[in-house]
Structure formats: structure tokens, C-alpha cells
Amino acid sequence: MTALTPRLRWTFSDGLTLVGRELGRLRQEPGELVAALVFPAVMVVLFGYVFGSAIQVPGGGDYREYLMPGLFSMVTFSAVMAVMTRVATDASRGVMDRFRSMPMARLAVPFGQTGADSLIGLLMLAIMVGAGLLVGWQPHRGLLPTAEAFLLLMVLRYALSWVGVYVGLAVKNDQVADAMVPLFLPFTMLSNSFVPTDGMPGWLRFLADWNPVSALTAASRELFGNPGAPSGDVAWPLAHPVATVLLWSAALLVVFVPLSVRAYNRGGR
């Protein structure tokens with residue numbers, strides 16, 4: 001245990017340095033940061049007003065209150081695309097090779113990428129919350145369930161960011177990573193984020209109900225007290241959405257943290 005302590009301190013210190021490096025890069029490339037921060041507000045306006053007028057909430061209620069948990073989930077899953085692109089860009093430019101040649105902890109580089117994404121994601125979520133409050137959304141169950149919902153969103157985002165690290169290290173090319181971004185959009189759309197799954201064909205509804213995006217959306221609606229919380233005879237992930245999100249988060253971390261570290265260590269060979 002005493003031997004691990006200096007190593008953990010070393011990893012944590014190097015990781016924080018790389019978190020600062022990622023945030024500093026965003027200051028040097030403000031267009032990327034502005035796009036990331038404007039995107040949530042655009043989504044609220046687009047789906048809340050343009051599409052929302054044609055969609056009925058199951059059981060009644062305001063569509064924008066039904067919608068916001070789905071948009072929170074969509075922004076959460078953007079972690080995969082954002083981290084994948086940044087890591088692939090660094091790999092294609094030789095930055096990762098430079099890091100490997102430096103006397104730093106091996107876990108520090110992926111830790112820095114995922115830590116920086118968590119801070120960016122927290123800012124994006126705050127902007128979307130502000131936009132949601134402006135259009136009439138609000139949580140109804142009190143401070144503790146609301147805090148639990150936001151914590152759940154951030155926990156899954158952190159786990160998903162490790163998926164992005166691994167994929168980015170695997171492709172090693174920023175152009176390939178950019179081309180892969182649209183492939184993730186159907187994954188977020190095939191869920192209960194924007195419309196109920198009841199009207200989908202059976203096979204499609206099965207995929208949507210077992211999609212982790214649907215579980216995260218259902219858990220958020222339940223904790224915020226918004227319309228559309230699952231009830232009655234629903235699939236297991238929607239009947240137990242909070243547990244499902246925690247299980248997904250744990251599984252992703254168990255699988256992709258060691259895969260990411262291995263991919264980083266083997267990248268130079």
C-alpha cells in the first residue's frame with residue numbers, strides 16, 4: 001500500500017497537469033469551445049419549439065419538461081465523440097508519441113483527457129440547464145433527487161469518455177475520427193429521449209428500451225419529477241433506470257480503462 005501511494009500521487013499530479021493542458025488548448029482554439037457551448041442551447045430551441053409542437057407527451061404534460069432529460073442524456077453521450085476526436089488528433093500529430101517519451105505516469109494521459117472532458121461536460125450541462133429553465137423546464141422533487149440526477153449524468157459521462165479515449169487511440173487519425181462522429185448520432189436518437197418508444201415496431205422498441213441512453217433519460221425524468229417517467233409493464237432497464245445507469249457506468253470503466261491504458265502503452269509499437 002505504501003508503495004502504491006507515491007505512484008498514485010505521481011499519476012494524479014501528471015493527470016492534473018494534462019487536464020490543464022487540455023483546457024488551455026481550448027482557450028487557444030475558442031471556436032471549438034464556443035461550438036460545444038452553443039450546441040446545447042440550439043438543441044433546446046430546435047427540439048423544444050420546432051419539433052415539440054407536433055409531439056404529445058404520454059399521460060399529458062409539457063413537452064419541453066419531457067424533452068430536457070433526453071437532451072441532458074444526449075449531451076452526456078457526446079463525451080464519446082468529443083474525446084475520441086481530441087485523442088485521435090493528438091495521436092495523428094505525434095503528441096502521444098511525445099508524451100510516451102516523457103517521464104510521466106502512463107495513466108496520466110488518458111486521465112487528463114477524461115478529466116478535462118468532465119469539466120467541459122459540466123459546463124455544457126450548466127448551459128443546457130439554464131436554457132431549460134428559460135423555456136419552462138424545472139425539477140420538481142427537491143434538491144437531493146435533483147443532485148442525484150446530475151451526479152448520475154456526470155458519472156456516465158466520465159465512463160463514456162474512456163470509450164472515447166480507447167477509440168481515439170485505436171483509429172489514430174483525426175480524419176477517421178471526424179468521419180466516425182455521425183455514426184454515433186443514431187445511437188442517441190434510437191431511444192426514448194425525444195419520443196415514447198411505444199409506437200415503435202417491436203424489434204426497434206426492444207433496441208430503444210435497452211439502449212443506455214433510454215435508461216439515463218428515464219432515470220433523469222424520475223429523479224427530476226418530469227413527465228414520461230416509466231410506469232407499468234416496461235423493460236427491465238426502464239423499470240430500474242438508476243441501477244441500469246450505474247451498472248453501465250461500472251461496466252464501461254472496468255472494460256475501457258485497462259483497454260485505454262494498454263492502447264496508449266502499445267501505441268508506439
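## Exercises: a cavity, a buried leucine and some rings

The largest cavity is lined by Leu18, Arg21, Glu22, Phe99, Val109, Gly112 and Gln113. Here a cavity is a set of points, on a 1 Å grid over the protein atoms alone, where a 1.4 Å probe fits but cannot get out, and a lining residue has an atom within 4 Å of a point. We're working with a predicted model, where local features need pLDDT of at least 70, side-chain atom pairs count only at pLDDT 80 or more, and totals for chains, interfaces and linings use all residues. Residues are numbered from 1 along each chain as its sequence is written, and side-chain values use heavy atoms, with hydrogens and water left out.

**Exercise 1.** Which helices each supply at least two residues of the lining of the largest cavity, and what is the volume of that cavity?

*Solution.* Start with the helices, which are DSSP runs of H or I with at least four residues, numbered from the N terminus. Helix H1 (4-28) and helix H5 (108-134) each supply at least two lining residues. Next, the volume, meaning the space filled by probe spheres set on the points, with grid points joined across faces, edges and corners. For the largest cavity that is about 30 Å³.

**Exercise 2.** Find leucine 216: in which helix is it found, and is it buried or exposed?

*Solution.* First, look along helix H9 (residues 212-224), and you'll find leucine 216 there. Then check its relative accessible area: at 0%, leucine 216 is buried (under 20%; exposed is over 50%, partly exposed in between, with a 1.4 Å probe and protein chains only). Last, list its contacts (heavy atoms within 4.5 Å). Skipping neighbours within four places in sequence, leucine 216 touches Ser73, Thr76, Phe77, Leu152, Leu153, Leu156 and Val245.

**Exercise 3.** What should helix H6 (residues 143-171) span at 1.5 Å a residue?

*Solution.* Take 1.5 Å times one less than the number of residues. With 29 residues, H6 should span 42 Å, and its end C-alpha atoms are 42 Å apart, so the two agree. Now step just past H6: lysine 172 takes a positive phi of about 60°.

**Exercise 4.** Over which rings do the charged ends of arginine 100 and arginine 221 sit?

*Solution.* The rule asks for CZ of Arg, or NZ of Lys, within 6 Å of the ring centre and within 35 degrees of the ring normal. Arginine 100 has its charged end over the ring of tyrosine 264, 4.9 Å from the centre. For arginine 221, the ring is that of tyrosine 66, with the centre 3.7 Å away.

Note on methods
On a 1 Å grid over the protein atoms alone, a cavity is a set of points where a 1.4 Å probe fits but cannot get out, and a pocket is an open set with protein on both sides within 12 Å along at least five of seven lines; lining residues have an atom within 4 Å of a point.
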